[in-house]
Amino acid sequence: MSDHPQRELAPLAALGTLDGESLLDWREHAQGCAECRAELAAFESLAGSMGLAAGARRVPPRLRQRVMAAAVGVAAPARPARAPWVLAAAASLAAVGLGAAYLSARAQKGVLERRLARESAVTSLIKAPGTRTVVLAGLPAAPGAQARVVWNVEKRQAVLMATGLEPPPPDKAYELWVIAGGAPVPAGVFRSGADWEALHQMPWVEDAAQVKTFAVTLEPAAGVTAPTGPMVLAGAVS
Ligand SMILES: [Zn+2]
């Protein structure tokens, strides 16, 4: 934990999600700290440019607690609670993504910007007509994992969102497969982060139009052309 924990609350302050004593403490600190004021201004401008302030108020309380705990140096749970499938509504997806992004708010602003851009792309994909969703269940190799693939044939876009997925060893990665009746077709490699979550924008594969099953295996980091490792997630298209 940094020796300057207030700085990590700057994103929440910018979005108006701090309240009560936290807000008073933060303001008091920021009055005497140019670094925090600069951080606040940067996040305010970022949030404003992306029209986020209103939606961010819906950051779920649990997530907010985790951010607060992380920022004040309290040990956060080693493994995040498996709440984040409140994704039914696109709006809450944005809020959850934002909250998760704030867990790493100690990372640089550029990281946050890229993440927000991806969340926003996912949100528009979910809302698009013709978009389909399949739930992938965790298999014995990753019993706590859960994922969804959201895809749209007309837009030729697909995204996998996973939670509860252990970060792979450095020389390994997860690989997504599209199975449409023939051999599995590789659909990109990805890694889960320290929060055990992953968001993978799948390169479009033609077979996705006829897909029967999506599956994820653990493979060498560069990916392979046919699955070799244990299958961690799978879901059939109904
Ligand atoms: Zn400060």
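What is the volume of the second largest pocket? In this predicted model, the second largest pocket has a volume of about 190 Å³.

**Second largest pocket**
- The lining of the second largest pocket is made up of 17 residues.
- Ala141, Ala142, Glu166, Tyr174 and Trp196 are the lining residues that lie nearest the centre of the pocket.
- By class, the lining divides into 13 nonpolar residues, two polar and two charged.

**Aromatic pairs**
- Two aromatic pairs are found in a search of the whole structure.
- One of them joins Trp151 and Phe214, whose ring centres are 5.1 Å apart; the pair is edge-to-face because the ring planes stand at 70 degrees, over the 60 degrees required.
- Trp151 counts as buried because its relative accessibility is 1%, and Phe214 is buried with a relative accessible area of 0%.

**Asn152**
- With a relative accessibility of 1%, Asn152 counts as buried, the cut-off being under 20%.
- The side chain of Asn152 reaches the backbone nitrogen of Lys155 at 2.9 Å.
- Neighbours within four places in sequence aside, Asn152 contacts Leu125, Ala128, Pro129, Gly130, Thr131, Gln157 and Trp204.

Methods. Residues numbered from 1 in each chain as written. Predicted model: local features only at pLDDT ≥ 70, side-chain atom pairs only at ≥ 80, totals over all residues. Heavy atoms only, no water. 1 Å grid on protein atoms, 1.4 Å probe; cavity = no way out; pocket = protein on both sides within 12 Å on 5 of 7 lines; lining within 4 Å. Points joined across faces, edges and corners; volume = space filled by probe spheres on them. Nonpolar A, V, L, I, M, F, W, Y, C, P; charged D, E, K, R; others polar. Buried < 20%, exposed > 50% of the residue type's maximum accessible area, 1.4 Å probe, protein only. Polar contact = N/O pair within 3.5 Å; in protein donor to acceptor, adjacent residues only side chain to side chain. Contact = heavy atoms within 4.5 Å. Phe/Tyr/Trp six-rings, centres within 6.5 Å; stacked < 30°, edge-to-face > 60°.
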